Amino acid sequence: MRLILLGPPGAGKGTQAQRIVEKYGIPQLSTGDMLRAAVQAGTEVGKRAKAVMDAGKLVSDEIVNAIVSERIDQPDCENGFILDGFPRTLVQADATEEMLRAKGLDLSVVIELKVDDAELVRRVAGRYSCAQCGSVYHDTDKRPVQEGVCDKCGSTHFKRRPDDNPETMTARLQVYYKETSPLIGYYHAKGKLRSVDGMADMDHVTQEVEAILSKL
Ligand code: ADP
Ligand code: ADP
Ligand code: ZN
């Protein structure tokens, strides 16, 4: 199963991807996570990406295409993978087609999560994650079972993303509508698009996603 999760920042792509990982055992390939890891590690790519990410703009197609192409060659991607936050431009979508064709693979489905802007801003403003394992939480909508302790790994250290602030979020939404939303029509035309109401609560969205995946 090879799928793409498509949607604006804060739509719930990472949250749903994590649940698909648990159920189907295929890896989540988040370009955002990979770029943040590169920034953290201080690599050449990380140095080039940092300012762009802090401004809410897109890292170059060339960089992200190369990262994904290399990543999907890893053995854990053999039975499939979830692309989370990639592709984000038409150039990246064409590159994805080409990468898959060259490797003799096909795309199973593209699931679009639809969420209103006001809700996206609210979600991103309340987002934080475990500093150790990366599990994602929300100030009101997804608190750890035991206050201050990560459900998954027990860590007591949490962090917030520097780009999850209202100003950068405005820029990220503009970039989404301009650069990424054309992918909805692109995949619709290929008969690959399924849209889900991402405004519903997390479990409900998961049910909708699973209904789509179970029919593949
Ligand atoms: P969100 O989960 O809020 O949608 P991501 O973690 O996917 O955000 O991305 C964070 C930032 O990383 C983006 O604003 C952008 O700067 C960069 N980035 C992530 N994926 C891509 C991509 N496919 N193309 C270009 N830039 C990307
Ligand atoms: P994305 O990867 O698309 O940027 P996330 O999965 O990181 O989005 O979710 C953004 C924030 O919203 C997180 O704090 C998450 O806990 C929360 N969240 C995710 N899905 C929902 C939902 N269906 N309802 C309410 N909050 C949600
Ligand atoms: Zn944790």
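Which residues touch the most other members of the largest nonpolar core? L29, L35, V59, F81, L83, V110 and Y187 do, within a core of 26 residues. A nonpolar core here is a set of buried Ala, Val, Leu, Ile, Met, Phe, Trp, Tyr and Cys residues joined through side-chain atoms within 4.5 Å. Buried means under 20% relative accessible area, exposed over 50%, and partly exposed in between (1.4 Å probe, protein chains only).

The model is predicted; local features need pLDDT of at least 70, side-chain atom pairs count only at pLDDT 80 or more, and totals for chains, interfaces and linings use all residues. Residues are numbered from 1 along each chain as its sequence is written, chains are lettered from A and ligands numbered from 1 in the order in which they are written, and side-chain values use heavy atoms, with hydrogens and water left out.

Two or more residues each come from β1 (2-6), α2 (31-41), α3 (44-54), α4 (61-71), β3 (81-84), α5 (90-102) and α8 (182-189). Helices (H or I, at least four residues) and strands (E, at least two) are DSSP runs, numbered from the N terminus. Helix α5 gives the most to this core, with 4 residues. A second, separate core has 21 residues, among them I20, L120, V205 and L213. L29, in the largest core, touches M34, R71, I72, C77, F81, I82, L83 and D84, residues up to four places away in sequence not being counted. Contact means heavy atoms within 4.5 Å.

A residue is near a molecule or strand if one of its heavy atoms lies within 4 Å of it. Oxygen atoms of ligand 1 lie 3.1 Å from a polar side-chain atom of K13 and 3.1 Å from an N or O atom in the side chain of R161. The protein buries 97% of the 560 Å² that ligand 1 exposes when taken alone. Accessible areas come from the Shrake-Rupley method with a 1.4 Å probe; for residues, only the protein chains shown count as cover. A nitrogen atom of ligand 1 is 3.1 Å from a polar backbone atom of V59.

Around ligand 2 there are 17 residues, the closest being K13, G14, T15, R127 and Y137. Helix α1 (13-24) and strand β6 (136-138) each supply at least two residues of this shell. Backbone N or O atoms of G10 and Y137 each lie 2.8 Å from an oxygen atom of ligand 2. A nitrogen atom of ligand 2 is 3.2 Å from an N or O atom in the side chain of D141. The protein covers 94% of the 570 Å² of accessible area that ligand 2 has on its own.

Two further residues were examined. M169 lies in helix α7 (residues 166-180) and is buried, with a relative accessible area of 2%. M169 touches P9, L120, V121, V124 and D163, not counting residues up to four places away in sequence. M169 and L120 are 49 residues apart in sequence, but 8.9 Å apart in space, C-alpha to C-alpha.

D164 lies in the loop between β7 (158-159) and α7. At 11% relative accessibility, D164 also counts as buried. The side chain of D164 makes a polar contact (2.8 Å) with the side chain of R127. A polar contact is a pair of N or O atoms within 3.5 Å; within protein, one must be able to donate a hydrogen and the other to accept it, and residues adjacent in sequence count only if both atoms are side-chain atoms.
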